[in-house]
Amino acid sequence: MNVRSFLKLVEIQTKVASMIPLALGTLYALYRFEHFYAGHFALMLVSLLSFDMATTAINNYYDYKKAARTHGYGYETHNAIVAYKLKESVVVGVIVFLLLLAGGSGLLLVAQTGLLVFLLGGLSFLIGILYSFGPVPISRMPLGELFSGLFMGFVIIFISAYIHTDDTVAVLALEQGWVHFQLNLTETVYLFWFSVPAILGIANIMLANNICDIDEDIDNRRYTLPVYIGKANALALFKLLYYVSYADLVLLLILGVHPLLVLLLLPTLIPLRRNLARFDERQEKETTFVLSVKNFILLNAARIGVLAAALLL
């Protein structure tokens with residue numbers, strides 16, 4: 001396996017779906033709580049990126065093993081195991097290495113930050129594995145968008161902010177057999193609303209992927225959300241989630257969570273709507289799926305820029 005085939009196996013271009021929430025949570029902690037710990041950030045970066053790559057590799061391996069139809073729909077090119085003729089043993093070895101790297105760095109982060117990170121991180125690991133593996137993987141159910149959005153959009157942002165807050169948002173401790181848990185409900189709700197554009201943007205990446213694969217998924221008995229609600233309704237939902245994201249930005253401004261500079265994000269609606277029109281005309285994995293990734297980057301990278309500018313000012 002060379003670098004090119006590895007990057008294709010882990011679909012490196014989709015890792016923005018985890019790296020952008022990490023950046024957003026980190027900047028949120030800096031902007032709202034004025035705290036940053038470089039060691040915590042580095043450990044979370046390694047753990048998160050390794051695990052994200054591992055789950056994608058597992059998903060591709062599982063699709064390769066379970067495919068009922070192995071020709072057409074671009075199968076010969078979009079599955080890296082087939083396209084690069086990768087050995088199964090090598091793929092499994094890469095998956096195991098990535099999982100060990102993710103788990104090891106995650107446990108080091110837990111040792112420095114506490115049990116809440118262990119609980120949320122462990123739950124995320126479990127969902128990540130069940131997403132691609134098991135008798136009925138989440139990715140083969142109409143729940144993929146919900147789970148990927150919540151865990152990659154909210155939980156990642158929550159953890160990446162929490163590790164810099166010195167227990168300002170929540171505390172989970174074990175003392176003499178007693179579990180002590182405290183939650184700042186106001187800050188948690190603010191953090192959730194802050195996460196909404198990331199939650200919906202990530203859900204839309206999954207939704208776009210499933211829309212593009214709807215015919216193949218029917219043949220392979222993958223009962224995704226578009227299979228259940230139909231392509232027309234899935235396309236309508238795809239558009240709606242973006243508009244809800246922009247409405248959320250206005251709410252964040254009213255609540256004082258986002259700085260006034262957030263108004264600079266509104267012009268991003270122009271290219272985003274153009275991308276929506278292109279995807280509405282044609283839904284293809286090789287040509288238009290990437291528009292969902294571009295939309296996610298467009299809105300959330302702009303938010304990163306706004307928060308960075310607010311910190312500098």
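**Local geometry, helix packing and aromatic contacts**

Gln-176 sits in the loop that runs between strand β1 and strand β2 (178-183). In this predicted model, Gln-176 takes a positive phi of about 50°, although it is not a glycine.

Asp-167 belongs to the loop between helix α8 (144-162) and strand β1 (170-175). The relative accessible area of Asp-167 is 39%. That value falls between the limits of 20% and 50%, so Asp-167 is described as partly exposed.

Attention now turns to helix packing. Two packed helices are described by the angle between their axes and the distance between the axes. For helix α2 (residues 16-33) and helix α14 (residues 290-312), the axes come within 10 Å and cross at roughly 20°. Because angles under 35 degrees count as roughly parallel, α2 is roughly parallel to α14. The crossing of α2 past α14 is left-handed. On the α2 side, the contact is made by Val-16, Ala-17, Ile-20, Pro-21, Ala-23, Leu-24, Leu-27, Leu-30 and Tyr-31. On the α14 side, the contributing residues are Val-293, Phe-296, Ile-297, Asn-300, Arg-303, Ile-304, Leu-307, Ala-310 and Leu-311. Sorted by class, the contact between α2 and α14 comprises 16 nonpolar residues, one polar residue and one charged residue.

What does a search for aromatic pairs across the whole structure find? The search returns 11 aromatic pairs. One of them joins Tyr-28 and Phe-33, whose rings lie 6.1 Å apart centre to centre with 70° between the planes, an edge-to-face arrangement. Tyr-28 is buried, at a relative accessible area of 2%. Phe-33 has a relative accessibility of 13% and, because this is under 20%, also counts as buried. Another pair brings together Phe-192 and Trp-193, with ring centres 5.7 Å apart and planes at 70°, so this pair is edge-to-face. Here Phe-192 is partly exposed at 30% relative accessibility, and Trp-193 is partly exposed with a relative accessible area of 34%. Phe-192 and Trp-193 are also members of one aromatic cluster, together with Phe-154, Phe-158 and Tyr-162.

Two further residues can be followed through their contacts. Ser-50 is located in helix α3 (residues 38-66). Is Ser-50 buried or exposed? With a relative accessibility of 4%, Ser-50 counts as buried. Setting aside its neighbours within four places in sequence, Ser-50 is in contact with Leu-98, Leu-101 and Ala-102.

Leu-269 lies in helix α13 (residues 269-281). When residues up to four places away in sequence are not counted, Leu-269 touches Tyr-243 and Tyr-246. Leu-269 can also be placed relative to Lys-8, which is 261 residues apart from it along the chain: the C-alpha atoms of Leu-269 and Lys-8 are separated by 31 Å.

Definitions and conventions. Residues numbered from 1 in each chain as written. Predicted model: local features only at pLDDT ≥ 70, side-chain atom pairs only at ≥ 80, totals over all residues. Heavy atoms only, no water. Axes fitted to C-alpha atoms, helices over the stretch in contact; angles between N-to-C directions. Helix = DSSP H or I, 4+ residues; strand = E, 2+ residues; numbered from the N terminus. Parallel < 35°, antiparallel > 145°, perpendicular 65-115°, else oblique. Left-handed = near helix turned anticlockwise from the far one by under 90°. Contact = heavy atoms within 4.5 Å. Nonpolar A, V, L, I, M, F, W, Y, C, P; charged D, E, K, R; others polar. Buried < 20%, exposed > 50% of the residue type's maximum accessible area, 1.4 Å probe, protein only. Phe/Tyr/Trp six-rings, centres within 6.5 Å; stacked < 30°, edge-to-face > 60°.
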